[in-house]
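Thank you all for making the time this morning.

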Amino acid sequence: MSSEATMLERCQSKCELCAADAPLTAYAVPPHSHVTVDYGIMVCDKCLAEIEEPKDINHWRCLNDSMWSQVPAVQVTAWRQLTRLNTESWAQDALDMMYMEEEQMNWAMTGMSADDKPFDCNGVELKKGDDVTVIKDLPVKGTNQVIKQGTVIRGISIGDDPKLVSGKANGGQSMYVIAEYCRKK
């Protein structure tokens, strides 16, 4: 059975993003360029036309359902679309509820920003001076210390590496933290 046939069976011949019962096209979720069962999704023409630059914002409300898919490629695409639309309150609410494994989150964030801006765990852009909360216990490299989940880092700075933010936690020393392990307050 071909990849497309397997994917059509998986989605029951409906768009994996909006569930439209329309002609479907196989889409390789970047940075992958070849459609495979693991890295591809089946989408309708409307979704395909708007994946890179959403114009019909209300069309994407369908992501409230598809973001819960068990298919990693669908989760990644839903997260990217919700992130692109995060100025809409419904999209930000969906991002706040969405959970993805670390591997899928890394895939989703790959190539998200042409400007290489830091994003928190919900895809919200972080800026200098923002306050963030650490979302999981993080070991401090080179020590036996741990930054505990829930620690607030106030007034972050953005360095050359867009994946890192720096700031002081609990009035202590300045430290670098991976942006995706933070949530903007």
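Before I point at anything, one term has to be settled, since I will keep using it: two strands are said to pair if DSSP finds at least two bridges between them. Please also keep in mind that what you see is a predicted model.

If we take the contacts with a separation of 6 or more, 54% of them are between residues 24 or more positions apart.

Now to the sheet. In general, the strands of a sheet pair through backbone hydrogen bonds, and they do so either parallel or antiparallel. Here we have an open sheet of 5 strands, in the order β8-β7-β6-β3-β9, and the pairing is antiparallel. The edges are taken by β8 and β9, each of which has a single partner strand, so one side of each is left without a neighbour in the sheet. On average, and ignoring direction, neighbouring strands are turned by 45° against each other.

Going along this sheet from β8, we find that β7, residues 164–169, is joined to β8, residues 174–178, by 5 bridges, and that Ser-166 stands opposite Tyr-176 in β8. Strand β6, residues 152–158, is joined to β7 by 4 bridges, with Ile-153 standing opposite Ala-169 in β7. Finally, β3 and β9 pair over 3 bridges, again in the antiparallel sense.

Which residue of β9 does Thr-133 stand opposite? That residue is Arg-183, while Thr-133 itself is found in strand β3, which covers residues 132–134. With a relative accessible area of 16%, Thr-133 falls under the 20% limit and therefore counts as buried. Leaving aside residues up to four places away in sequence, Thr-133 touches Gly-150, Thr-151, Val-152, Tyr-181, Cys-182, Arg-183 and Lys-185.

Let me turn to the nonpolar cores. The largest one has 38 residues, and among these Leu-17, Trp-60 and Leu-82 touch the most other members. At least two residues each are supplied by α1, β1, β2, α4, α5 and α6, and the largest share, 6 residues, comes from α4. To look at one of those members, Trp-60 touches residues that include Leu-17, Cys-47, Ile-51, Leu-85 and Trp-90, not counting residues up to four places away in sequence. A second, separate core of 14 residues includes Val-132, Val-134, Tyr-181 and Cys-182, and of these Tyr-181 and Cys-182 were also on the list of residues that Thr-133 touches.

My last stop is the aromatic rings, where the count comes to 1 pair. Tyr-39 and Trp-107 form that pair, which is edge-to-face, at 5.5 Å centre to centre and with 85° between the planes. Tyr-39 lies in the loop between β1 and β2 and Trp-107 in helix α6, so the pair ties together parts that are 68 residues apart in sequence. Are these two residues buried or exposed? Trp-107 is buried, at 11% relative accessible area, whereas Tyr-39, at 34%, counts as partly exposed.

Terms used
Residues are numbered from 1 along each chain as its sequence is written. This is a predicted model: local features need pLDDT of at least 70, side-chain atom pairs count only at pLDDT 80 or more; totals for chains, interfaces and linings use all residues. Side-chain values use heavy atoms; hydrogens and water are left out. Buried means under 20% relative accessible area, exposed over 50%, partly exposed in between (1.4 Å probe, protein chains only). Contact means heavy atoms within 4.5 Å. A nonpolar core is a set of buried Ala, Val, Leu, Ile, Met, Phe, Trp, Tyr and Cys residues joined through side-chain atoms within 4.5 Å. Rings of Phe, Tyr and Trp (its six-membered ring) pair if their centres lie within 6.5 Å; planes under 30 degrees apart count as stacked, over 60 as edge-to-face and the rest as tilted. Axes are lines fitted to C-alpha atoms, for helices over the stretch in contact, and angles run from 0 to 180 degrees between N-to-C directions.
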